[in-house]
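Hi everyone, thanks for coming. Let me put the structure up, and then I'll walk you through a few spots in it.

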Amino acid sequence: MSVKIKVEHVSKIFGPKPESIIPMVRKGMSKEEILKETNHTVGVYDASLEVKEGEIFVIMGLSGSGKSTLIRCFNLLNKPTDGAIFVDGENIVEYNSAQLKKFRQDKIAMVFQHFGLFSHRTVLGNVEYGLEIKNVPKAERQKIALENIEIVGLKGYEDKYPSELSGGMQQRVGLARSLANDPDILLMDEPFSALDPLIRREMQLELLDIQERLKKTIIFITHDVNEAFKLGDRVAVMKDGRVVQIGAPEEILENPANHYISEFIKDIDRSKILQAQNVMIKPNSLVSLKDGLKVAIKEMEENGLSSVFVVDRSRHLQGIVTIDDAIDGIKQKKTLQDVIKNDVLTVKKEEYVQDVIPKALETKFPLAVVNDEDRLEGLILRVHVLSSLVANEDE
């Protein structure tokens with residue numbers, strides 16, 4: 001994926017003379033010291049990162065870490081005190097008012113935590129609002145609005161008012177309103193944190209489904225580490241206005257940059273973050289349908305296995321054969337096809353470990369990891385699943 005947004009050494013200081021504070025931060029003074037001495041607040045300091053086109057990039061941190069300050073720099077609601085932000089190669093920090101207005105109307109949209117819906121407008125009226133501001137003809141904007149209402153699962157609610165909707169439904173309206181302008185970039189500042197846990201999980205899945213179809217570039221803010229790792233293709237962790245670590249969820253889980261990150265992620269439910277592809281091993285020992293039982297036995301003996309998967313020439317899974325069945329088959333002059341077991345439990349690479357666990361406990365054989373064409377891509381032993389859940393527990 002190409003780079004959509006590039007942030008270079010961005011700092012945001014709040015106060016009457018923000019530029020004068022940068023040298024103090026560079027000398028290593030803390031946020032507290034600067035606030036006490038100068039009455040200036042360090043929101044973000046020296047943040048550098050890249051966001052790839054079409055990914056969900058999550059910025060995570062505790063309250064006061066600077067994550068919300070940083071996301072507002074992407075649309076210049078907060079203009080950086082120092083540094084540059086390149087979007088499609090253009091430094092938006094240098095935009096004049098006309099360029100900024102066009103940028104906000106055409107390329108970027110924001111979904112807020114507290115919905116921000118107009119109580120006097122219907123769902124349709126709220127969703128089409130941005131298009132109305134852009135003077136899009138009524139018939140066209142209503143058509144676009146209705147399409148986006150359907151995308152977020154609210155078809156049939158077009159004439160309802162916000163007061164008639166649940167919190168989750170109101171957030172869907174806010175999301176549809178942002179999508180209606182067809183922005184390249186979607187900024188989401190803790191959009192689900194005000195929702196009940198069940199509705200929050202539903203909205204997380206809804207967002208992943210929408211992203212699968214629309215492939216927007218999404219920057220998502222949260223203080224919830226489980227939400228961050230569930231949604232993010234990559235995650236940036238912030239502390240005291242600084243970006244501490246950036247990486248894919250499994251990278252941060254396996255290699256936390258420091259003690260702060262280790263503490264931050266220690267209570268995470270790894271089964272909801274890790275996928276089958278993170279715990280599987282490559283199936284190096286395989287038997288083809290064209291091979292006989294003697295070849296299968298030799299393969300198992302040489303690799304210390306009690307069973308081996310059977311595939312065709314294109315590596316499509318056919319089943320599994322055990323050492324006992326292979327030996328008995330030779331005694332009874334049977335073929336490999338005669339003794340193969342076809343009731344192999346399979347999983348997809350994208351399945352989360354929490355969904356893999358029941359299958360691993362159900363079978364005495366390894367789980368087969370297959371793609372949509374049933375081609376064997378890996379195998380999972382029960383020990384792989386259990387060890388993945390306790391990894392780093394003692395660190």
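Let's start with Glu164, which is partly exposed at a relative accessible area of 48%; here buried means under 20%, exposed over 50% and partly exposed in between, with a 1.4 Å probe and protein chains only. Before I go on: this is a predicted model, where local features need pLDDT of at least 70, side-chain atom pairs count only at pLDDT 80 or more, and totals for chains, interfaces and linings use all residues. Residues are numbered from 1 along each chain as its sequence is written, and side-chain values use heavy atoms, with hydrogens and water left out.

Glu164 sits in the loop joining α7 (138-151) and α8 (167-180); helices are DSSP runs of H or I with at least four residues, strands are E runs of at least two, and both are numbered from the N terminus. From Glu164 to Ile13 we have 151 residues in sequence and 41 Å in space, C-alpha to C-alpha.

Now for the rings: there are 4 aromatic pairs, counting Phe, Tyr and Trp (its six-membered ring) with centres within 6.5 Å, stacked under 30 degrees, edge-to-face over 60 and tilted for the rest. One of them is Tyr260 with Phe264, tilted, at 5.8 Å centre to centre and 45° between the planes. Why are these two separated by about one helical turn? Because they are 4 residues apart in helix α12 (residues 259-265). Both Tyr260 and Phe264 are buried.
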